Every structure is written in structure tokens, then in C-alpha cells.
Amino acid sequence: MKIAVEGCCHGELDKIYETIKELEKQNGFKVDLLLICGDFQSVRNFDDLQAMAVPPKYQQLNTFYKYYSGEKVAPVLTVFIGGNHEASNYLQELPYGGWVAPNIYYMGYAGVIQVGGVRIGGISGIYKGHDYNKGHHECAPYDEGTKKSVYHVRNLEVFRLKQITRPVDIFLSHDWPRGIYHHGDTAGLIKRKPFFQKEIEDNKLGSWALTELMTHLKPTYWFSAHLHVKFVAHVQHEVLSDLQSAKSTKFLALDKCLPHRNFLQVVDVPQKEESLKIKLDPEWLSILQLTDHLLNLTPRVRYMPGPGGRERFDFKISEKEIENITSLFGNDLTLPENFQPTSPPLENIHARGRRQTLSVQVNPQTTLLCTMLEITDPNAKLLGKTSQELLDESSIGLTSRDEEDNSGDDVVDDDSDEDMPSTINSTLDISGLSTSTSSNMDSFYTAKDLSLLQSGESLNLSTAATSTPYQSPVGVKGNPRNITIQDDDEEFLSILSAQKNKSSSRSLHDSDILCNETSAAAHIEPELKQADTSPTDISSPYSLKSERSSLGMSGLCLDSSMLSSPPTSFSLKKRSSDGGENQEAASEQLASEKNSGNGCAVKKFKRRNVSVYSEPSD
């Protein structure tokens, strides 16, 4: 099964799908699944832009709205997690996951699903210590504070993921696990991103909560984004007993969707089931059921239960509970394709009317899942209703509508099904629009109070070389300091500005956009030898034949460029090389020159080697 992995999406779905299409054409294979590691930006209309934590000057529609309205359909099954630049009002409708558009699935605050028998877990958002132990109290309309805190990771989701005991094949996070940089080319990372050096030296870059999750879950692959740089690492986990087998995690962080950036790679993972439809995971559903009482919808600090307390803290799922949850769904956990729009689709790209104030919306997908599992729908509770009541109201509404349709009266449908134009400027600047987002959302409903506060344990990754086992120091109490990566992300704003300048001279035709925007992607051989513990250089063949490295990594990269110079190699040595850095600088210079040009590129793809991952054969 070929899985494409994307770093930060930033709403550029058209360009990502076009890249995959060209990649399939050049290499003669079919991508089965696309995974996106956050900053998806599921903006349906101009109203949703009020929920994005970026200055109005950089609020852009991009291209997701086409897939929401039905103008386009995603050509490949797409699964994504949330980041820190999202239309949070829409994603909050689906706290446990759901379809945001046909064939595009959001994993919720955290979740586990299965595709082709491959078990995929994920957690949305980024870590901020001052919000980590609070509840999900934010809701639309947001003020400037809640607009940011809404995407901060909470302890409940981490606690739930720590209850998983069955193997996880792939895990997605937007932020990086703290300390992961010590298991790859640290010097090369600092050379490309020198402003990371201080945080790396102080071991503060990334999320300590994700570090704990990696130690617990030990997934085969871990994919991230957020820091806008490609980085490869290999973590060898510590074997705690003779009964355990040695496990390792192959980590890959990717860049954002921009020209000459390493933003997309394809991984070949053994397929375990014939069907490629999304299936709900019975272990995860059972965990949601058993931990529903821990849900906190207030801004008050609540700690998760732990050893020594009076509450249950171990919610590991038995085989009997797996059978019960499976039978509850009729022995078929295939996710129904029950997408329903909850906000009017954009009908006119040029209609910049007054924005409507955002409000809490209940999504029928969440209502159905919560009713079946008998768990809390956070949005329904904010509205003072239960999921069952909302489901009943929905049924009554459908019956009433059917009676009206059968009465012979003329019914006027205000929602237009008219197709929207497909050739538009996806980086439209709407800085002139007014905004209205002011509310203090501190008082909300909450689940059952906890009787005991427990402190969590801090955990750091080893700072040794990549061959050092991945250890978890114990005995460190309390919450670690907050990391200093800023929510505003100045680099993100500068990149958006560059996109805007580029768009003023770019052709409106999608075929021309493909030539300018296609960047790094790779094809992997399905069977590779057992992985080593340290990356090595990869040669640069001028052919379509894949090469292997000692880490079990191989691949072929497509790069769209106006230049006809021969390809250069991409080095992943433990110590950075001047040649590799010069190549990075040259790539940045080419992107700058291209942005200032007329945007007319030759449809000629160059080949260069990159390092990617493949599942070791059994």
C-alpha cells in the first residue's frame, strides 16, 4: 500500500493532488492514501476565516472550499490531523473525527483508525504548558486568546492514547516529540534552522507529551510537520524485559507545500486487508467509552488519574470489550460515508459581504457516534442538549420535511447547488473585510468532577547518539517549562507573503500551477533489508531506479524546475556537509527568483534522491 505523507498543507489541496497525480504518472504506481500532518485549513467560506489564528492580512481561502462544496472530489482518500493554523470552528464540530468533505477525513482531537489493516493514530494541535491540563472550554465565537488556545493539546487526549496496548503502525502529530532531534542529523538541522539551536541545546524544542507517547506506543513510523523543515531520525526503543522484542520508530518531518520544498513523500507499507476504506478502531472506541467521565469543558485545571489515587487510572481494553464494541456496530466497523455540510458552501468567490458571527454547530456525524457509544458530544452539551435529543430532533425534522414534500406545496431551497468557478486565484487577499470575534468563554459545562489531583511525570529523550536506547527518566515531577515556539510563526507569515506576491503574476490555469508547485515526493520499494541505526549518504543516480541506504530508506524525488542542470544529491550524514548546505541555499535562491518571475515554467521534472522509509519485510 502506497501512502503519501504531506507536511503542512495550508489549504493547498489542488497543488498537493496535482503533485500526486504527476508522481503516479512518472513512476507508474497508484497512491492509495494521503496523510496530512496538520495546518490543513479547512476553510469553507469567508466566515471560517474568523477562526484562523493568523492576521487578517494573511487570511486566505485557498482551495479546500471546492472539495467542501462538491465542485471537486478528492482523488485519493485523505486523512489529516489539526495543527495551529486551522478553521477551528469547523474542526471543533468533529472532536472524535469525521468527514470534512467527501473522501477527506479529520481524526479529531486524537484518534485511531484502520485503513487496509494498517493502524493509524494521531493527535491534533501543538503543546503549550499553560493550557495542557485545562479542558476544551473554547467555542465560537472566539476572542484572540481562545482562537489560539483552541488548538493546544490537552492532557485528556494524551491520557487516552496512553491506554492503547495493541501495536500502532503509523502515528501523526503536528508538533515534534521533544528530543527527537538528538536521533538524527542535529548539526544539519541547526545549519538549516539556526534559530532552533538554543532550544535544542536546552532540550526545549517540541512536546514532552509526544515524547511520552512515542515511548509508550512505539509506532513503526511517526510523521510530523510544524517546523517547516525536512528532518529524518531513527529511534531505537529500550527493551525493558526479556519478553519484549526490540522496536524502533522511523521519524520523518516534512516541509510546507511550497516550490522547491520537501513537502511530500510516499511510503510503501504492507497492506494487511484488501479493503482500503476507513474502519473505526474497536480499542479506541472502547477507550472513548470508558474515559468519557474525564471530559473537561471548563478552563479549570484538571489532572488525569494516576497510581496511588482513588480513581481508576488503567483503562486498558480486554478482548471481551473489543468483542462488545464490535457487536455494537453490527460486526462492521467500516466508517459510513455520511458527510453532511453544516455551513453554506461558498457560492461566489467575489462576494465579500459582511461576515456572519460564528456560533457553536453540532455535526450529525458526531451526534451519531456519541449516541451509539453513549458518550458526551461537547458541542451538544454547550447547547444544553444530549446527543440522543439532537438525533431525535433530526429524525423529526426529516419526517416533517418529507410531509412537506409530499403535500404538493412549492418548496424554495435557498441553498444553491450551482458549481463554483474552478480557475481562481487561491491566495485571495481579504484583508479589507471586517471581523467580529469577541467573547469571553470561561464558563461552560463539565463532566463529573475529579476528586484527586495527580502530578504527571516529565520525560526527556536521550541526548546521546542515535544508537543509544530511547529511555525515559523517572522521578521528575511537575510540568516542564513551556516551549518558546511562537503561535504567530513569523516564518509562516513571510511565506504567505511570498505566495501572495507570486500569485499576482501567476497564470490562473491549474495546468500551469502544477508546473510551478510540484516538489519533493518519492517512491519506495516494498521490501528492504533490516534497518540500521544511523542514516548514511545516498548516491545520486540519474535514473528511475531506487537506491537503498543502511537505514532501509530509498526513494526517487520529483522536482519541478525551470533549470536544466543535472540533479544533485541530498545528504543525510550525521555531520552536515558544505555541499548539502549549498544545495539548500541554491534551492532557496531559485524559489526567490521564480517568485519574482513571470511564473511560466517548463513542464520538465528533474530527478534527485531523497531518503524515505519503507517497512522491513517479515
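Trainee: What should I keep in mind about the numbers before we start?

Mentor: This is a predicted model, where local features need pLDDT of at least 70, side-chain atom pairs count only at pLDDT 80 or more, and totals for chains, interfaces and linings use all residues. Residues are numbered from 1 along each chain as its sequence is written, and side-chain values use heavy atoms, with hydrogens and water left out.

Trainee: How many helices and strands are there in the chain?

Mentor: The chain has 16 helices and 17 strands. Those are DSSP runs numbered from the N terminus, with helices being H or I over at least four residues and strands being E over at least two. Of the 618 residues, 58% count as buried. Buried is under 20% relative accessible area, exposed is over 50%, and partly exposed is in between, using a 1.4 Å probe and protein chains only.

Trainee: Why can we say that the Trp-176 and Phe-251 pair ties together separate parts?

Mentor: Trp-176 is in the loop between strand 8 (170–173) and helix 6 (186–192), while Phe-251 is in strand 11 (residues 248–253), so the pair ties together parts 75 residues apart in sequence. Both Trp-176 and Phe-251 are buried.

Trainee: Which residues do ring pairs link into a cluster?

Mentor: That cluster holds Phe-40, Phe-64, Tyr-68, Phe-80, Tyr-90, Tyr-106 and Phe-339.

Trainee: How do you know that the charged end of Arg-44 sits over the ring of Tyr-90?

Mentor: The rule asks for NZ of Lys or CZ of Arg within 6 Å of the ring centre and within 35 degrees of the ring normal. Arg-44 has its charged end 4.0 Å from the centre of the Tyr-90 ring, and it is listed as sitting over that ring. Lys-2 lies over the face of Phe-29 too, at 5.8 Å from the ring centre.

Trainee: Why are helix 9 and helix 10 called roughly perpendicular?

Mentor: Axes are lines fitted to C-alpha atoms, for helices over the stretch in contact, with angles from 0 to 180 degrees between N-to-C directions. Under 35 degrees is roughly parallel, over 145 roughly antiparallel, 65 to 115 roughly perpendicular, and the rest oblique. Helix 9 (residues 282–290) and helix 10 (residues 319–328) pack at about 95 degrees, with axes 9 Å apart. Helix 9 and helix 10 therefore count as roughly perpendicular to each other.

Trainee: Which residues make the contact between helix 9 and helix 10?

Mentor: Contact means heavy atoms within 4.5 Å. Helix 9 brings Pro-282, Glu-283, Leu-285, Ser-286, Gln-289 and Leu-290, and helix 10 brings Glu-321, Ile-322, Ile-325, Thr-326 and Leu-328. They divide into 6 nonpolar, 3 polar and 2 charged. Nonpolar covers Ala, Val, Leu, Ile, Met, Phe, Trp, Tyr, Cys and Pro; charged covers Asp, Glu, Lys and Arg; the others, Gly among them, are polar.

Trainee: What makes His-10 buried or exposed?

Mentor: His-10 has 5% relative accessibility, so it counts as buried. Its place is in the loop between strand 1 (2–6) and helix 1 (13–27). Phi of His-10 is near 55 degrees, a positive value in a residue other than glycine.

Trainee: What makes Glu-374 buried or exposed?

Mentor: Glu-374 is at 70% relative accessibility, so it is called exposed. Glu-374 is in the loop between helix 11 (364–373) and helix 12 (378–382), and has a positive phi of about 60 degrees although it is not a glycine.

Trainee: Why does Ser-69 count as partly exposed?

Mentor: Ser-69 comes in at 27% relative accessibility, so partly exposed is the label. Ser-69 lies in helix 2 (residues 64–69).

How values were computed. Phe/Tyr/Trp six-rings, centres within 6.5 Å; stacked < 30°, edge-to-face > 60°.
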